[in-house]
Each structure stands twice: as C-alpha cells, then as structure tokens.
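Subject: Structure for you to look at

Hello,

Please find the structure below. My notes on chain B follow it.

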Amino acid sequence: MSDSLPVLRSDGRGHADRAAAFLRDEPHAHWHDQAVWFVRAKRDRAASAVPEWERLREVASRIKAHTQARLADYLEEFERKATAAGATVHWARDADEHNAIVHRILSERGVTRLVKSKSMLTEECHLNPYLEARGIEVTDTDLGERIVQLAKEPPSHIVMPAIHKKKEEIGDLFHEKLGTPEGLSDPTRLTEAARAHLRERFMAAQAGLTGVNFAVAETGGFVVCTNEGNADMGTSLPPIHVACMGVEKIIPRLEDLAVFLRLLARSATGQPCTSYTTHFLGPMRGGELHIVVVDNGRSALLAREQYRRALHCIRCAACMNTCPVYRRSGGYSYTYTIPGPIGIVLATARGVDGHASLPFASSLCGSCDDVCPVKIPLHEEILTGRRDLAERGLQPMSKRLGMRLAALVLRVKLLYLAAGATARFLGRNLPRGVLYARWNPWGRQRELPPMPRETFRQLYRKERRPRV
Amino acid sequence: MSSRDEILRRLRAAAPPPEALPETRGLAAPYADRVAQFETAVAAVAGTAVRVADGPALADGVAALAARLGAKRIASAVPDAGPGNVALEALRDPHELEGVDLAVLPGVFGVAENGAVWVAGASLHDRAVFVVTQHLALVLPAGELVNDMHEACARVAALPRGYGLFIAGPSKTADIEQALVIGAHGARSCAVFLVG
C-alpha cells in the first residue's frame, strides 16, 4: 500500500539539473517558451471577454470549499444515484488497488484491447504499464497522448501532452510507427494519419477507459470534456466503459457544473467550451459502466490545512502556461507526473521524498494564483513546501549552512556591518575569475550588481544632516 | 473495513469546517440578440449556423449540405430533414455506423454563449452516431436558445435524466505545434440548422 506516489523519473536529479539539460538547446527552449505563452495569451483573451470572470472564480472557489467539507456525503449521494442509473461504483484506497480493480474488470471480461482517453489519475497510478505487463494492449487516443505513447515518453503537459515536440519530430515518429511519408510534417496530414490509425483501434477495442472532469452528486452522472471526441468514440463503440476519478472530482449540483464549464476550457485553451462535453449517466445500450473512485493520498491532503486548497484543481494547466519556470524548463524537468505550480504543490504536499527540488522551481511571482480559475493560492503553498523541507532538514547542505550564516549575521549588528563592508570591498576588488568561481552558483547565470562605495546607512546619515 | 468505508471515514475525519454553498444565479447578463450571438459563437467554434424558415426549407438545406460534402450514406433522426438512406434503428451494432458520411440529429436547445447544442441521448439510437459519422448536422428550433451555461445547465436539470452532451462545432485538435486541425476523431464538420 502506498499513500505517497512513486517517483516518476527517479534518476536522482533535481529540477535545476534537468532544466539545465533542457536549456542546452537554446532555440528549442525559446520555441517552447513561446509556444506555451501563446496558450496563456489565448486564455487571457477568453477570460477578458467574460465581464463576470472574477466573480465566477470566486464562486467556483467557494463551491469547491463547500464540497471539500462534505466530500463523503456527496460521494455517497453520487454512488447511490450512479448505481440507480445502472453503473457499478468501485472504491480504491491507493494506486495499487485502483490498478488491480481496473485489471480485474477487464480481465474478467476477456478484454485484451483497451482504448483510453486522457486521465491524469491513471498517469498518477501508472496504470498503462500495469495493464501492459498483464497482457492488455492500451492505446492512448488523445492525439498528444498517442504521440508521447509512441515515443515511449510520459506527457510533458497535462492538457497538451506533446507540447515539447516539434512537428518535424512528430513527422519522423509517425513515419517510423505509422508509415507516413518520410519528411511529412504538416499538422493537418499528420492528424489525418493519426485519425485513420486510431479509428482502427477504436473499432477493434473491447473496452474504453476515461477520466472524469466533474462528477455531479445531484444526478449520479459525470462529465468528460474533449475537443477530439476520443472519449466519446471510446465509450460508444466498445460496450464496456471504465471511468476513473479522484474523490475531489465531485461537485454538488448541475448548476455548479455551469460555473466550472465556463471556466475550464477558457482557462485551458482559450475556447468558450470544448467540442464535446458529455454527461455520462448509465451504460450504453447493452453495455456496462464502471466508476472507480480513488483516494490515493487525497484524504491525507485534505487533512493538511495549508495544502488542501490544491484539491480545488480542475486540471486546466493555466498555472503552467503562465509559469516563467515551466515555460523555460519544460514538463520533464519536474520529478512528478503533473508539472508546473500545481504539480509542485501536489508532489510536496504528499511528502517531499524525491521531490525536494520542486518547491524551488518557482520564482514565487504569483502569476499562477492570478490565472487559477478556482483561486488556489499556489505560490503560498509552494512557499509552505519550502518551509516543510527546511523543517525536515531536506535542504542541500550549502543552503542550510548559508541560511544559518545569514541568520547569525542578521542577528548581530557588528557582524552585519562587517559583512557588508567585506562584501563591498571584495565585490569591487576580487578578480572576475575568483568572484564567479564554483563557490558562487548564483553567479552562474547572473551578474552581481555593481558594489556601491557607500552603504545605505552612510547615505541616509548624509541626507539627514541638516543642510546649510 | 472495506475500502469504501475506509475512504469515507478518512474524508470525514479530514473534513474542513463547513462552508455555505454559494448562489450561482445572476452571474451573467443576457444577450441583446440571442440568435445573432449564437450564430457568432457557432462560427467561433468552427461550426456553421444555417437559418431555415420551415421543414421543407430544412430538407432543402440538408440536401444541399449533403451534395456539397459529397455525402453518400446519410443517417437522419430528424423526420423533417428527410429520411436519409441509413436506418439508425435497424443497426444491430454501433460498429455498423462506420462509413456513414452525414448524420442529421435533433438538438434540444442551443447556448448563445458558446455555440454548444444539447443533444439528448434518448434521441440517438446508438451513442456513437454523432462521433463516428464523418460530418454532422444538428437541427434546432430557432426559439430554443438559452443565453449561457447557467441557463443551459438549469435546462438540463429540468429534462428527463439521462445520458446527453453539449456539442460545440466539429472535432478538433491542436496537439501538433498548436496548429488547429479540424476533424481529429469525430465529425469533420458541424452544421447547425436553426428552424423558424
């Protein structure tokens, strides 16, 4: 049983090292920054076209806060109504139990070919490798997810899983895997090739798996939003539908759904709504519907007051699109399934093991807070993550010693004055090679400011002197 | 203790203090011209809105659409739009929908805010029809437009409970370098006929 998540890419390297590798290809890094910023700009246009945007965010945040206080009640109501409509509801404490339940449903029905639409929960639980190891062929059907699946990579973004790939790279991949003409990189023709390839998979599938965007307690139904229609394709051809949801996906009423639907697509891609917003209630004609409700650390997160608002998240990715660190370091620089500000919070709130570098992958500029449609105080929760690390003694030695030294210097006036004078003298007089040597990691990408001749105290005293 | 009871127990133990459920009414102002706004919104989601006067004009409009698309196999669940040549009720298995060029389906109401049309599952013989077909035509009485998603969800709440969906334009993706491509898995085009 594992309440904390397995580390996604546990090569022992932290965010800064991975980011350095990402930044080695400077033109690509710049392109990535621009591509992600483009989505942020689309989000801004969509949000500013809605006069009541700020009120919507406020109401959405309050609906989530209300729901969190009554999660168990609403889940029970949802289960009752979903069951009455013909679904079977399963409960999983953790990732292992979730994977075992999904596998049991599929294997008992002889399923060997599964089509999946996007579900960050199943990424979190590492469901694909679990099923593949047991003889089930899993096809991710969201185009971006299929691209990274063919490339044997995890998603680098939660809404646009292949945002880090250039079209030429995808063209080469499709040439190798799908037999498209060599050198073909036109997005329309590549998408057409994927459409034909995936339609075969849809037609041959024996079961479809989806995530859940919102589960509505009032109706016992749940909503899945896609632009491609892949969730609809995968749940209307094969007769078995398995839907996996975290406990926090529940909302009380249909009228609450309106608030979230107005916020979600605008925040994610700048669209007024997704092409398909499907309300699943009961199985298809002659089919079966299974809903797997998963905790996997969420109840522990709920118990931690300083982090619990992270459970408001509706997975729109606006916080990563706006994040200066995400845009310039890419999704693979993070050590957790979900990158960007919300990923940092979710990873560290569950336990910092393996993720000790993440709270520092932020400038704490607060831009994520400003775009978050459900008003998660992301930068404050990231700061809390840093505090937790410090309290558990998990900061690197250099930072710990540095902080202790700073605390001492700032406490003792004489030391403070002496340190200032020394720093000013050395800053002016040390040769560049010494000043920017290995001991100064801060100076690796930055220039120190010019050292002033006078301190602030000296200047202040001079200014205060009565003038004649 | 079962996993279910254990999870519910943990959630109750961890629950923060109660908060009131906020009011969602009155958040958005109504549009001055709902029909014009709906037409603009349908175009913005890459669909085409077509106004027709009555049943015969609808049949003409659908026939013209089918001719323009070169659609040969047509399935219709809207009697006024013409019968088509694929009988949806006769299909035993949704896989038989593969190869349908155009499906004409009834919408219940449209949403001026975003160009979405609510389609009730009960009106589809197979759920797959709206997504497997190559092209899609949705038919809506012009009077059945709501302002926004708040009104839309209130409408859905008042309908008989069941599977249903909002469709806003054709299937699309921007997963390759942000380039918008129409026709990812589902319909390659989506026409919305407003009747009356």
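Chain B has 5 helices and 11 strands; helices (H or I, at least four residues) and strands (E, at least two) are DSSP runs, numbered from the N terminus. This is a predicted model, in which local features need pLDDT of at least 70 and side-chain atom pairs count only at pLDDT 80 or more, while totals for chains, interfaces and linings use all residues. Residues are numbered from 1 along each chain as its sequence is written, and chains are lettered from A and ligands numbered from 1 in the order in which they are written.

The C-alpha trace of chain B spans about 65 × 45 × 40 Å along its principal axes. Of its 196 residues, 51% count as buried (20 or more other C-beta atoms within 10 Å of the residue's own, with C-beta atoms placed from the backbone).

In chain B, 5 strands form an open sheet with parallel pairing, in the order 1-11-6-3-2. Two strands pair if DSSP finds at least two bridges between them. Strand 1 (48-52) and strand 2 (74-76) of chain B each have a single partner strand and stand at the edges, so one side of each is left without a neighbour in the sheet. Strand 2 of chain B runs parallel to strand 3 (residues 102-106) of chain B, and 3 bridges join them. Here B:Ala75 stands opposite B:Ala103 in strand 3.

Helix 2 (residues 34-44) of chain B packs on the sheet and touches strand 1 and strand 11 (189-195). Touching refers to contacts, meaning C-beta atoms, placed from the backbone, within 7 Å. The direction of helix 2 makes about 145 degrees with that of strand 1 of chain B; axes are lines fitted to C-alpha atoms, for helices over the stretch in contact, and angles run from 0 to 180 degrees between N-to-C directions.

Regards

Notes: Buried ≥ 20, exposed ≤ 12 C-beta atoms within 10 Å, placed from the backbone. Contact = placed C-beta atoms within 7 Å.
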